[in-house]
Amino acid sequence: FYWPKRCRAGCLELLYIHLGTPPCGIFAFDRADPTVVGEPYPVFGNERTMNMNELLLNNIRADMYFREELPPIKTWEVFIAKTIKEVKECTPWVTGTHTVTTKKGMCSGTRGVGTQGRPTRMWMHLVKLYTLKPTERQLESLVESKQSPFLRVLGFLYIRYCVKREDVWEWLSPYIDDKEKIQIERLTETFWPLGKLVRTLLIETKYYDTHLPRLPVLLSRQIVQGIKDWDKSQGRKEGEDPFGEESKEYRRSRSGRRDRDDHRDRDRDRRSSRRDS
């Protein structure tokens, strides 16, 4: 007898409540927020991994912030406030903590994933969002948010990972020209237009050393063609950057930091010499 996916998820949740803790490797879904109206938006794929790279997911589950700070959050409003406060970058791994090493021989199926790394709070909140089982209205509030661009990115990532593949283009296509700036990497202070991030999620299969869920080949071609048709309708030539100068990654240069450090040291020396005199 086959149970519909939503029924299976509901039965699993009742089992978790009865046992007090979820079985190993399974998501512990939170109880429904009584202030939320509507059914959870349908998800697809592997309910155990959220269609996420297992190395990344396991590191998220092992992180103390994910284990101690996020479980007490049970309502949508608290989750939104926590996300605005804590999320400051859009990469899956904290810059400099993830080493990619290619496996060989019988381990080649790991597709070059690394053996270490510390996940960012964006991805931890993404997994927490999955356990909250957002409704369609809540997803819309994320991608249209005026409170923080990081909430919008959280919505885009959830759609890319969890929504049925046939619906991804319908959800994300309105934002492929969005020019709002977002900080991608906190350490290097790298900024992108949101539209560039959305295009990357639609076209690429890999994003900052983590693999995105694969889209069917035919669907991928249709998405690429859809983006080309849109750019053509906007008067752009094939291959033309839709964001111009805005699409260039802004990074604080190390030489710039050294110049500021030298200037700061010179000021400190002047102040000390004046005190001595």
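This is a predicted model: local features need pLDDT of at least 70, side-chain atom pairs count only at pLDDT 80 or more; totals for chains, interfaces and linings use all residues.
For helix α4, spanning residues 76-86, and helix α5, spanning residues 121-132, the angle is about 170° and the axes lie 11 Å apart. Because angles over 145 degrees count as roughly antiparallel, α4 and α5 are assigned to that class. On the α4 side, the contact is formed by W76, F79, K82, T83 and E86. These residues meet R121, H125, K128, L129 and L132 of α5. By residue class, the contact of α4 with α5 comprises four nonpolar, two polar and four charged residues.

In soluble globular proteins, nonpolar side chains tend to be buried together. In the present model, the largest nonpolar core contains 57 residues. Within this core, the residues with the most contacts are M52, M122, W123 and L126. The greatest contribution to the core comes from α7, which supplies ten residues. The surroundings of L126 were examined with residues up to four places away in sequence left out. On that basis, L126 touches M50 and M52, together with L154, L157, Y158 and Y161.

Helix α9, formed by residues 194-203, is largely enclosed by the rest of the structure, because eight of its ten residues are buried. The buried set consists of L194, G195, L197, V198, R199, T200, L201 and L202.

With a relative accessibility of 31%, V224 is classed as partly exposed, whereas L202 of α9 belongs to the buried set. The C-alpha atoms of V224 and L202 are 8.2 Å apart in space, while the two residues are separated by 22 residues in sequence.

Across the whole structure, a search for disulfides returns zero.

Conventions
Residues are numbered from 1 along each chain as its sequence is written. Side-chain values use heavy atoms; hydrogens and water are left out. Axes are lines fitted to C-alpha atoms, for helices over the stretch in contact, and angles run from 0 to 180 degrees between N-to-C directions. Helices (H or I, at least four residues) and strands (E, at least two) are DSSP runs, numbered from the N terminus. Angles under 35 degrees count as roughly parallel, over 145 as roughly antiparallel, 65 to 115 as roughly perpendicular and the rest as oblique. Contact means heavy atoms within 4.5 Å. Ala, Val, Leu, Ile, Met, Phe, Trp, Tyr, Cys and Pro count as nonpolar, Asp, Glu, Lys and Arg as charged, and the others, Gly among them, as polar. Buried means under 20% relative accessible area, exposed over 50%, partly exposed in between (1.4 Å probe, protein chains only). A disulfide is a pair of cysteine sulfur atoms within 2.5 Å. A nonpolar core is a set of buried Ala, Val, Leu, Ile, Met, Phe, Trp, Tyr and Cys residues joined through side-chain atoms within 4.5 Å.
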